[in-house]
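Please find below a colleague's note on the model under review. It is set out as numbered points, each limited to one topic.

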Amino acid sequence: MRISALALLLATSFTATSVLATPLSMLDLNKLMVSSGRPAKDKARDEARKPAEVMHFSGVEQGDKVLDLFAGGGWYSELFSMAVGSKGKVYAQNDSVIWRFAEKGITERTKANRLSNVTRLDKIDIADMDIPAKSIDIAFTALNYHDLFFTYNIDEKTGERTEFREQAVDHKAALAKIKASMKDDGVFIIIDHEAIRGSGYDAPNSVHRIDSNIVRYQMAEAGFKLVEEAFYLRNPNDNKSINVFEKETRGKTDRFIYKFVKKAQ
């Protein structure tokens, strides 16, 4: 018996709808947080970072392709690896400067193909990433956007200055690359430590923070639109003049969380 055109259309529509992925729920994400395969030292940072809420904000789905920028030791790379599953993919990028701090952690995290859906981009500048155009569902960076402008460090005990870059990263080229790699309906999540208003590009070096006005301006200039902000990590009592690595403020900073999409052409 032949199926009518209408019946075929309805059947096709139902099938397509039924197999579409949906964002992981808070219940799903909280289960990932307590997974037995997750390192205990990672779990110890959950209270301060609220990863389930952050990932729910990102709308991550099974099968997604995620780009974790300045991934460091891969703390979030692992969580996204678990979330997207075997049909998904995570790129964990670190340039040569961040690699100096990340090498040990991310090498240990991914040894013996432990996270088989994670592809490391080691010592590769953002603008030089080899990622297919319009392939990324979620671009993500946690507490590292300011590192685009991190060029030196001064030891607070000795006063010794260590140079890490001759000049800041070309943020326009980096953002253009990220934008090109994102799907048209992809999102870009940026989390970072809030700096004192008007502190400019001094804050990324002196206190490892950034004025969120700079982030919003640069993203708009690069062709992104801010569509949502989350407040899970805001702390109005944070002393923004203090380095984020100081004991009294570490894990307690005032952090902004932004979600951007590509502006319609």
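1. Basis. The model is predicted, so local features need pLDDT of at least 70 and side-chain atom pairs count only at pLDDT 80 or more, while totals for chains, interfaces and linings use all residues. Numbering runs from 1 along each chain as its sequence is written, and side-chain values use heavy atoms, with hydrogens and water left out.

2. Largest pocket. The largest pocket holds about 1,300 Å³ of space. Of its 44 lining residues, Arg-45, Arg-49, Gly-73, Phe-245 and Arg-250 are the closest to its centre. Two or more lining residues come from each of helix 3 (40-43), helix 4 (46-49), helix 6 (75-84), helix 7 (96-110) and strand 5 (152-154); helix 7 has the largest share, with 7 residues. A pocket here is an open set of points on a 1 Å grid over the protein atoms alone, with protein on both sides within 12 Å along at least five of seven lines, and lining residues have an atom within 4 Å of a point. Grid points are joined across faces, edges and corners, and a volume is the space filled by probe spheres set on the points. Helices (H or I, at least four residues) and strands (E, at least two) are DSSP runs, numbered from the N terminus.

3. The lining of the largest pocket comprises 17 nonpolar, 12 polar and 15 charged residues. Ala, Val, Leu, Ile, Met, Phe, Trp, Tyr, Cys and Pro count as nonpolar, Asp, Glu, Lys and Arg as charged, and the others, Gly among them, as polar.

4. Cavities. There are 2 cavities of 30 Å³ or more, a cavity being a set of grid points where a 1.4 Å probe fits but cannot get out. The largest cavity has about 60 Å³ of space, and its lining divides into 9 nonpolar, 1 polar and no charged residues. Helix 8 (residues 171-181) gives the most to this lining, with 3 residues; the lining residues include Ala-174, Leu-175 and Ile-178. The second largest cavity has about 50 Å³, with 6 nonpolar, no polar and 2 charged residues in its lining. Among them are Arg-49, Val-54 and Arg-255.

5. Helix 5. In helix 5 (residues 51-58), 6 of the 8 residues are buried, so this helix is largely enclosed by the rest of the structure. The buried residues (under 20% relative accessible area, 1.4 Å probe, protein chains only) are Pro-51, Ala-52, Val-54, Met-55, Phe-57 and Ser-58. Gly-59, which follows helix 5, has a positive phi near 75°.

6. Helix packing. Helix 2 (residues 26-33) packs on helix 5 at an angle of about 135°, with the axes 9 Å apart. Axes are lines fitted to C-alpha atoms over the stretch in contact, and angles run from 0 to 180 degrees between N-to-C directions.

7. Positive phi values. Most residues other than glycine have a negative phi. Lys-134 has a positive phi near 50° and lies in the loop between strand 3 (118-122) and strand 4 (136-142). His-208 has a positive phi near 60°, in the loop between helix 9 (203-206) and helix 10 (212-221). Is His-208 buried or exposed? His-208 is buried, with a relative accessible area of 7%.

Conventions
Buried < 20%, exposed > 50% of the residue type's maximum accessible area, 1.4 Å probe, protein only.
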